[in-house]
Amino acid sequence: MTPLVTPLASTAAWSGDDTRLIVAALAGIAVIVLLITKLRTHPFLALALGSGVLGLVAGMAPEKLIDSFSAGLGSTVAGVGVLIALGAMLGKLLADSGGAEEIVDGILRRSGDRALPWAMTLIAVLIGLPMFFEIGLVLLIPVILLVARRSGRPLLLIAIPALAGLSVLHGLVPPHPGPLVAIDTLKADLGLTLGLGLLVAIPTVIVSGPLFARFAARWVRPAPPERLEREQTQEPENTVPENTVPGDADRPRPGFGVTVATILLPVVLMLGRAVAEIVLPEGHAVRTVFEVLGTPLIALLIGVIVAMFTLGRAAGFGRARISSAIADSLPPIAGILLIVGAGGGFKQTLVDSGVGKVIGEAAQGANVPVLVLGWLIAVGIRLATGSATVATISAAGIAAPLAAGLSPAHVALLVLAIGAGSLFFSHVNDAGFWLVKEYLGMSVGETIRSWSVMESIISVVSFCCVLLLGLVV
């Protein structure tokens, strides 16, 4: 069994060059943190400048530094950027076709008043699979406010389960940017990571969502801003028929079953590949088919093509409207792609400067669990920068040498440990903190007692699940 504990060598054994490389890594990270937190610099520029400082302090020649950063950026965008773009296309078709509203309506129709928190969790999980956190939040806020108003239940009893579902998927499950980059950096198996991630996500969402919501609803009772509540929950004067796209009573919505099946199709294909590789021998015809169809690029591409018909055509969209929706999905993710690419450049600079080798050699003396180390690194960067994506990208680059001796299952668990750490205690330097605060009408203190505590619960519970899986896989 591959050991989950790596030893750390005594710093007394380090040479002067090793010490210089460690100082270079710390300087690069410090520059990134300073630029993001104090100077409000865009994370892309912060990662690029931090990589430059790291390389120069480490003694890299300027031309080698530029080549290293460019190579890392290019390979990361090539490996991950297309997947993020395809995920955005699928999410846009889901939103524009009315499929997201059909999922919401379908689940709420089937749930009673007491089951509303669980229903909101399921809604958030289904919508959050193909959508980024911010997009899913904006989409769900009107639903949260409307359900809370109609049911008379405390707002946070409805909101926390939805927020938990979105946040867990954002940190742990591909095709979200952070997990994808960590998988690419650590050379983890995507299907295996996806399967283990879903196993971790289920208990995490339950504990941090419906269960924690009972306490959060007692601690904090916010009243959403009147203007926002009026705008978000305003219902049309005329009743809109069921199964129609909002704002267009003459256009049908895709059905509940076909919408859910479309969202889950890429996930099923990727999981199918992982299962086939476990239970079928190499060269088996069925395994070969699943290996092709379950390749992330192919699985998401199939998902988008299928969605054009099951979501777009079902909503009455013509070819021009479908093409427009796909085109509109790309500009909003430009910033994400730049951040992800710069993170890849930072990772490659760590490797080419020799810092990665020093970290790998340093893991040879005292007993430090690899999963704990990955989680702690991500927690530290998350607390400092406020960005879960930056924390995941940076921690994966730092921890990459530690993955070399691990089994495929343990590499996947290291990805999840880093993802769990990247969600720890969102506070005032996190854009998501302010987004939740303003939408739900809470004070800073109330947001910390609800949203920040929820994020910490997600981080700790998911990490505990990762450790438990590490004992059995």
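Colleague: Is I322 buried or exposed?
Modeller: This is a predicted model, where local features need pLDDT of at least 70, side-chain atom pairs count only at pLDDT 80 or more, and totals for chains, interfaces and linings use all residues. Numbering runs from 1 along each chain as its sequence is written, and side-chain values use heavy atoms, with hydrogens and water left out. Buried means under 20% relative accessible area, exposed over 50%, and partly exposed in between (1.4 Å probe, protein chains only). I322 has 7% relative accessibility, so it counts as buried.

Colleague: Which residues does I322 touch, leaving out those up to four places away in sequence?
Modeller: I322 sits in helix α14; helices are DSSP runs of H or I with at least four residues, numbered from the N terminus. Contact means heavy atoms within 4.5 Å. On that basis its partners are L93, M308, G312, R313 and F317.

Colleague: What span should helix α13 have, and how far apart are its end C-alpha atoms?
Modeller: The expected span is 1.5 Å times one less than the number of residues. With 17 residues (296–312), α13 should therefore span 24 Å, and this agrees with the distance between its end C-alpha atoms, 22 Å.

Colleague: Where does α13 bend?
Modeller: You compare axes fitted to the seven residues ending at a position and the seven starting there; the angle between them is the bend. For α13 that angle is about 30°, at V306.

Colleague: Which helices do the buried residues of α13 pack against?
Modeller: Those buried residues include P296, L300 and V304. They pack against α3, α9, α11, α12 and α14.

Methods. Helices (H or I, at least four residues) and strands (E, at least two) are DSSP runs, numbered from the N terminus.
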